[in-house]
Amino acid sequence: MAKFNFYHYVWMFIIGCYSGFLVETLWCLIKNGYIESRKSLVLGHLSIAYGMGAVLLTLLLVHFQKSSAWKIFLVAFVSGTAVEYICSLGQEICFGSVAWDYSDLPLNINGRVCLLYSLFWGVLGLAWVKFIIPLMSRAFNKIHIPFNKVIIWAFIAFFVFDAALSASAAIRMDERDRGVEANNHFEQFLDTHFDDDKMHKIYANSKSVDEI
């Protein structure tokens with residue numbers, strides 16, 4: 001059975017974030033004919049949902065490598081749906097916006113999850129157990145990355161800073177929308193460097209709850 005340590009999971013998160021950003025960007029280009037921002041944070045080009053998905057799928061499914069296909073599918077189906085719903089609800093509660101809406105698809109729950117994408121989670125879980133987890137295990141055992149721990153902790157420091165700045169900018173945008181004036185230097189900095197136009201470009205795929 002494959003085993004991963006803390007540093008392996010951080011690499012999974014990094015690879016998942018950047019892979020998701022590239023996939024979303026290319027899909028937008030193919031579907032709409034133009035490139036549009038699909039990143040989750042104001043500085044780094046990361047798609048956090050994909051990074052979280054990679055880590056959570058591995059944490060959950062690494063224990064089911066010897067299980068039957070239907071059990072793997074069911075675990076991925078349920079866990080993926082739950083995480084997607086929680087992420088959507090959390091974004092709405094914290095920032096007053098949503099990044100996806102499945103209201104026009106059949107068998108959806110509050111537009112946050114739907115049967116089609118839940119089935120996708122199940123199929124992805126099967127592929128994850130049968131192909132991705134063994135591939136990652138072999139790669140981590142064979143590839144030696146110089147200064148691995150330094151790189152990981154530098155990324156974590158940058159990620160925490162970027163996440164805090166992004167959350168502050170999003171909260172401040174919501175406050176501006178409600179007519180709340182900046183009352184300190186930091187909020188003035190956010191209004192200057194992360195105004196509504198810039199935030200809408202960064203989060204082009206997000207919509208205010210009031211717009212839905």
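## G33 and its loop

G33 sits in the loop that links α1 (6–32) to α2 (48–61); helices here are DSSP runs of H or I with at least four residues, numbered from the N terminus. The model is predicted: local features need pLDDT of at least 70, side-chain atom pairs count only at pLDDT 80 or more, and totals for chains, interfaces and linings use all residues. Residues are numbered from 1 along each chain as its sequence is written, and side-chain values use heavy atoms, with hydrogens and water left out.

With a relative accessible area of 57%, G33 is exposed (exposed is over 50%, buried under 20%, partly exposed in between, with a 1.4 Å probe and protein chains only). Between the C-alpha atoms of G33 and A169, which are 136 residues apart along the chain, the separation is 29 Å.

## Packing of α1 and α2

The axes of α1 and α2 are 6 Å apart, and the helices pack at an angle of about 135 degrees. Axes are lines fitted to C-alpha atoms over the stretch in contact, and angles run from 0 to 180 degrees between N-to-C directions. α1 is therefore oblique to α2, given that angles under 35 degrees count as roughly parallel, over 145 as roughly antiparallel, 65 to 115 as roughly perpendicular and the rest as oblique.

The crossing of α1 past α2 is right-handed, that is, the near helix is turned clockwise from the far one by less than a right angle. On the α1 side the contact (heavy atoms within 4.5 Å) is made by Y9, M12, F13, G16, C17, G20 and E24, and on the α2 side by I48, Y50, G51, M52, A54, V55, T58 and L59. This contact has 10 nonpolar, 4 polar and 1 charged residues; Ala, Val, Leu, Ile, Met, Phe, Trp, Tyr, Cys and Pro count as nonpolar, Asp, Glu, Lys and Arg as charged, and the others, Gly among them, as polar.

## S79 in α3

S79 belongs to helix α3 (residues 69–95). Its relative accessibility is 17%, so S79 counts as buried. A polar atom of the S79 side chain lies 2.6 Å from the backbone oxygen of V75.

## Packing of α3 and α4

α3 and helix α4 (residues 115–142) cross at roughly 125 degrees, and their axes come within 7 Å. The two helices are therefore oblique to each other. α3 passes α4 in a right-handed crossing.

From α3, the residues A69, I72, F73, A76, F77, G80, T81 and E84 meet L115, Y117, S118, L119, W121, G122, V123, G125, L126, V129 and K130 of α4. By class, this contact has 12 nonpolar, 5 polar and 2 charged residues.

Definitions and conventions: A polar contact is a pair of N or O atoms within 3.5 Å; within protein, one must be able to donate a hydrogen and the other to accept it, and residues adjacent in sequence count only if both atoms are side-chain atoms.
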